[in-house]
Amino acid sequence: MPIKREKLPKIITPIGVAVFPRISVPDTKYKPEGEYSTKLRLPAGDPSTQKLVEQIDAFYEEAYEVECLDKGANGKPRKLKRADKPYKTATEKDRETGEIVEIPGKLDFTAKRKAGGTTKNGQAWTAKIGLFDSQQNPQPLKADVWGGSEVRLQVTLVPWYSDSFGFGVRLELQAVQVVKLVTKGGLMTAEQYGFGGIEGGYVGEGETPATDNIFVGHRTS
């Protein structure tokens with residue numbers, strides 16, 4: 001018997017950088033009912049990141065064994081194909097070649113959740129994502145969270161199976177806490193853009209640059 005919904009683990013992630021967030025308004029490009037999603041970029045070598053990986057991996061193995069038994073016969077488990085886990089080495093598009101390249105030392109965790117659907121009984125349902133600021137205050141749905149924002153997530157580990165892809169575990173997005181907000185017209189840090197420090201170079205006086213009409217990150221609406 002599959003693991004019951006109320007028994008599924010809920011995890012609060014470390015603080016990381018949001019990549020392609022669709023948090024306030026669901027994306028309907030590929031799913032008409034809409035889908036909330038974001039990637040969370042974390043340093044691969046950090047102990048908190050490793051703890052998150054271990055939590056996901058441990059549940060993956062536990063749920064895999066349960067699914068194998070459930071799909072088996074006469075008390076014997078059936079060996080199932082394994083789908084990819086919900087994290088991988090971070091990637092980006094090379095600005096010169098246009099190719100997708102790996103970012104050493106970074107992991108991207110993908111969290112998503114359907115924004116709506118229909119039950120087996122034909123009843124329509126909708127879902128919302130909890131959105132909070134750093135002081136635990138609820139934020140309005142119109143809050144504009146762009147890529148480069150620093151966030152942490154609450155996710156539920158949900159096992160799934162399909163004949164085409166096999167067994168997997170997804171990170172079902174429940175809530176987002178925004179620690180540092182980047183919005184339309186805001187600027188990311190030099191490090192987030194990929195710039196390193198250059199010894200002996202120009203040092204400014206800390207002016208705040210204008211932000212009008214600057215595209216940064218990925219919008220949620």
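**Starting at a loop**

Author: Not counting residues up to four places away in sequence, P138 touches L131 and F132. Contact here means heavy atoms within 4.5 Å. Note that this is a predicted model: local features need pLDDT of at least 70, side-chain atom pairs count only at pLDDT 80 or more, and totals for chains, interfaces and linings use all residues. Residues are numbered from 1 along each chain as its sequence is written, and side-chain values use heavy atoms, with hydrogens and water left out.

Reader: Where is P138 placed?

Author: In the loop between β8 (130-132) and β9. Strands (E, at least two residues) and helices (H or I, at least four) are DSSP runs, numbered from the N terminus.

Reader: Is P138 buried or exposed?

Author: Exposed, with a relative accessible area of 63%. The cut-offs: buried is under 20% relative accessible area, exposed is over 50%, and partly exposed is in between (1.4 Å probe, protein chains only).

Reader: How far apart are P138 and Q177?

Author: They are 9.0 Å apart in space, C-alpha to C-alpha, and 39 residues apart in sequence.

Reader: Zoom out. How many helices and strands in the protein chain?

Author: 2 helices and 10 strands. The order from the N terminus is β-β-β-α-β-β-β-β-β-β-β-α. Of the 221 residues, 33% are buried. Among contacts with a separation of 6 or more, 66% are between residues 24 or more positions apart.

Reader: Which strands pair with β9?

Author: β1 (residues 10-12), β2 (residues 16-27) and β10 (residues 166-180) are among them. Pairing needs at least two bridges found by DSSP between two strands. β1 runs antiparallel to β9 (residues 150-162), with 3 bridges. β2 is also antiparallel to β9, over 2 bridges. β10 pairs with β9 over 13 bridges, again antiparallel.

Reader: How many residues sit between β9 and β10 in the hairpin?

Author: 3 residues.

Reader: New topic. Which residues in the largest nonpolar core touch the most other members?

Author: F109, L153, L173 and V176, out of 36 residues in that core. At least two core residues come from each of β2, β3 (35-43), α1 (47-71), β5 (100-114), β9 and β10. The largest share is from α1, with 8 residues. A nonpolar core is a set of buried Ala, Val, Leu, Ile, Met, Phe, Trp, Tyr and Cys residues joined through side-chain atoms within 4.5 Å.

Reader: What is L153 in contact with?

Author: Leaving aside neighbours within four places in sequence, its contacts include I11, I12, L40, A111, L173 and V176.

Reader: Last one, the second largest pocket. What volume?

Author: About 760 Å³. Of its 23 lining residues, T110, K112, W160, R170 and L171 are the closest to the centre. β5 gives the most to the lining, with 5 residues. On a 1 Å grid over the protein atoms alone, a pocket is an open set of points where a 1.4 Å probe fits, with protein on both sides within 12 Å along at least five of seven lines; lining residues have an atom within 4 Å of a point. The volume is the space filled by probe spheres set on the points, which are joined across faces, edges and corners.
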